[in-house]
Amino acid sequence: MKTINALALLLVFNFGFAQKKFSKTDAQKFQKKINSEYADPKTSPLMAEDLKTFKSLDFFPISETYFVNATLVKAKGGKVFEMKTSGTRTPKYIKYGTLNFKINGKPFQLAVYQSLDLIVQEKYKNHLFLPFSDLTTGKESYIGGRYIDLEIPKGNTIAVDFNQAYNPYCAYNYKYSCPLVPQENDLKIEIKAGVKTFH
């Protein structure tokens with residue numbers, strides 16, 4: 001009986017603190033997928049003149065340094081707020097929690113959000129939105145910051161691969177209205193991973 005209890009405890013512990021490993025293949029698949037979407041006139045955010053000559057987005061080199069297993073601390077009583085955008089639209093979000101992680105031994109944290117419009121759709125009910133800016137923003141990466149798509153984890157650990165950070169559609173076409181990165185998500189480090197600035 002003791003063995004069964006110990007085993008159950010071990011399973012719960014491993015489940016709650018599951019660590020994912022870095023996969024260069026996953027990052028390569030992300031790059032291939034986003035390039036394919038942007039090259040397709042049906043799914044591309046690019047303006048017509050850019051689409052004509054589009055071959056590939058510009059990416060930072062894929063690096064394990066920018067893959068982290070973050071601890072997720074859920075927000076208590078997340079209040080609904082209107083997120084500012086590049087346009088007049090003010091979509092409603094809630095702060096789902098805070099991610100705590102280290103890069104090169106230094107601690108950082110970022111807030112993750114849920115869109116009230118998206119979570120009512122079955123496909124996006126577990127979707128988490130991670131917008132961020134960093135010390136490459138406005139230089140090597142887009143001035144408006146970048147996004148990462150995540151899913152609510154089963155435990156309290158969530159893998160964040162900055163190699164899969166992408167630009168808002170506004171980086172390619174002024175017709176779009178995109179959420180602006182909240183001030184709390186401005187990282188004081190260069191995140192040399194993911195999609196670079198366009199042009």
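Q: How many bridges join strand S2 to S3?
A: This is a predicted model, in which local features need pLDDT of at least 70, side-chain atom pairs count only at pLDDT 80 or more, and totals for chains, interfaces and linings use all residues. Residues are numbered from 1 along each chain as its sequence is written, and side-chain values use heavy atoms, with hydrogens and water left out. Strands are DSSP runs (E, at least two residues) numbered from the N terminus, and two of them pair if DSSP finds at least two bridges between them. S2 (residues 80-82) and S3 run antiparallel, and the number of bridges joining them is three.

Q: Which residue in S3 is the bridge partner of Val80?
A: Val80 belongs to the S2 range, residues 80-82. Its bridge partner in S3 is Ile94.

Q: Which residue in S4 does Gly97 stand opposite?
A: S3 is joined to strand S4 (residues 106-115) by ten bridges, and the two run antiparallel. They form a hairpin with two residues between them, and Asn104 in the turn has a positive phi of about 50°. Gly97 is also the bridge partner of Lys74. In S4, the residue opposite Gly97 is Val112.

Q: Which residue in S7 is the bridge partner of Asn69?
A: Strand S1 (residues 67-74) runs antiparallel to S7, with five bridges between them. S1 is also joined to S3 (residues 92-103), by four bridges. The S7 partner of Asn69 is Ala159.

Q: Why is strand S7 largely enclosed by the rest of the structure?
A: S7 covers residues 157-161. Buried means under 20% relative accessible area (1.4 Å probe, protein chains only). S7 is largely enclosed because, of its five residues, the number buried is four.

Conventions. Buried means under 20% relative accessible area, exposed over 50%, partly exposed in between (1.4 Å probe, protein chains only).
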